[in-house]
Each structure stands twice: as C-alpha cells, then as structure tokens.
Amino acid sequence: MGDTVQQFFAVKARIAAAEQEAGREAGAVTLVAVSKTFDAVDIQPVIEAGQRVFGENRVQEALGKWPALKKAFPDIELHLIGPLQSNKAKEAVALFDVIETIDRDKIAAELAKEIARQGRAPKLYVQVNTGSEPQKAGIEPREAVTFVKRCREVHGLAIEGLMCIPPADENPGPHFALLEKMAREAGVAKLSMGMSGDYETAIAFGATSVRVGSAIFGNR
C-alpha cells in the first residue's frame, strides 16, 4: 500500500475521531480530497481505496484529467474549490458536481444561464471571505446573507452551502464560528470549511465537508 493510500486512511480515521469528539454522528462529515496539481496516476490509488469526492482549483486543469476518471468511476463527485471566472462557467457546469466558490452576481448570473442551457444542476455554495482579505476571493461577511438571498430570488439558484478559507496566520475557530452563524441566518445546511492543517477544528464547529489535500497527497 502506497504512502498516499496510507495517508488517506489516516485522514479518514482522524475525521472519524473528530466527529466522535465533537458529538457528531459518524459519517456526518464528507472528506473532499483535494487533488489539484496531481495527475490521474496519483489520484487513482485513492479512488481505488474507496474515496469518491474530490476537489480541484482550476477548471482547465480539471478538464485535463477528470472526464476519463469520471467515465471509469461514474459515482465520483467533483467539487470546484478555486475561484471561478465567468468565461469558464460553461465548462464548470458541464464537469463539476459541486461549485463552492460563487462570490459575485456576475458569476451567479452566468451559472444560472448555463444551468438552464445544459439542464445540469451542480450543487452550489457561496464563498465568504471571512477575514476580509483583499487578495482573496469570496463575498464580504456583512453581505453574505443578502447575497445568498439574491442568488435564490434574482438568479434562481439553489444555494445549499457556504465555504471559507480563513487567513493563514489567524486562529481558524472564530472564522468557522462566523460561517456557521451565517449559514443559519441564510438557511443553508452545508458548511465547507477546514483544510489539512485545521480540519479537526472545523469539524468541532460544524463543518459538513473538509477539503484535505497535502495531508493525503503530500506537497507538490
């Protein structure tokens, strides 16, 4: 068994322990294995070990490897977890099962158009910039709840979750707590939060999915 597969099982065990520690139901948290920058040959052992949910940052990169993998393993669920440009909305709707990074009206409008045109409806999350970092994607926290409402009422999108990436140099707990509070206010059930360094903390704050890359695949 390769290192990657051993690391995958170690992460799964830590998620199960964190669920138990937080008094969450076993299996309440979905592991999104972040396979960005890794090739199909690196990803396939993890698929064969039973993982079915993966995350990619770039539409173009994902197009190069996932169509063949999804054909071979039709039950794979692919998440877009990187920023989406409006000119990539068509490809994103065609390839991804979950799009986690809606953060402005232009993207919402483009996605609505493509969903109607393609008759394919990926699950949709709004990304919140909980640290208000100028270099980072995501809607400002104070606008998040009204933006979710606008996505639903103006653009006709079924938003079901929120996503965040806390500032690297801050305690992630308050950011996770803020996202959970906004999710309740916005009436969304899913919380995508927590990465390789802090996913156990995220589970304690109510994450329904965690995005783990380097702890499984190592550093590129």
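## A buried aromatic pair

Phe-54 and Trp-66 are both buried, meaning under 20% relative accessible area, with exposed being over 50% and partly exposed in between (1.4 Å probe, protein chains only). A quick note before going on: this is a predicted model, where local features need pLDDT of at least 70, side-chain atom pairs count only at pLDDT 80 or more, and totals for chains, interfaces and linings use all residues. Residues are numbered from 1 along each chain as its sequence is written, and side-chain values use heavy atoms, with hydrogens and water left out.

There are 4 aromatic pairs in the structure. In one of them, the ring centres of Phe-54 and Trp-66 sit 5.1 Å apart with planes at 45°, so this pair is tilted. Rings of Phe, Tyr and Trp (its six-membered ring) pair if their centres lie within 6.5 Å; planes under 30 degrees apart count as stacked, over 60 as edge-to-face and the rest as tilted. The pair joins distant parts of the chain, with Phe-54 in strand E2 and Trp-66 in helix H3, 12 residues apart. Helices (H or I, at least four residues) and strands (E, at least two) are DSSP runs, numbered from the N terminus.

## Helix H3

Buried residues in H3 are Val-59, Ala-62, Lys-65, Trp-66, Leu-69 and Lys-70. They pack against H2, strand E2 (53-56), strand E3 (77-80) and helix H4 (89-95).

H3 also has a kink of about 45° at Lys-65, shortly before the proline Pro-67. That bend is the angle between axes fitted to the seven residues ending there and the seven starting there.

## Lys-36

UniProt, in an unreviewed entry, lists Lys-36 for "modified residue: N6-(pyridoxal phosphate)lysine". UniProt positions are given in the numbering used here, feature names are shortened, and annotations may be inferred rather than shown by experiment.

Lys-36 lies in the loop between strand E1 (30-34) and helix H2 (40-48), and is partly exposed at 34% relative accessible area. Neighbours within four places in sequence aside, Lys-36 is in contact (heavy atoms within 4.5 Å) with Gly-55, Glu-56, Asn-57, Glu-61 and Lys-65.
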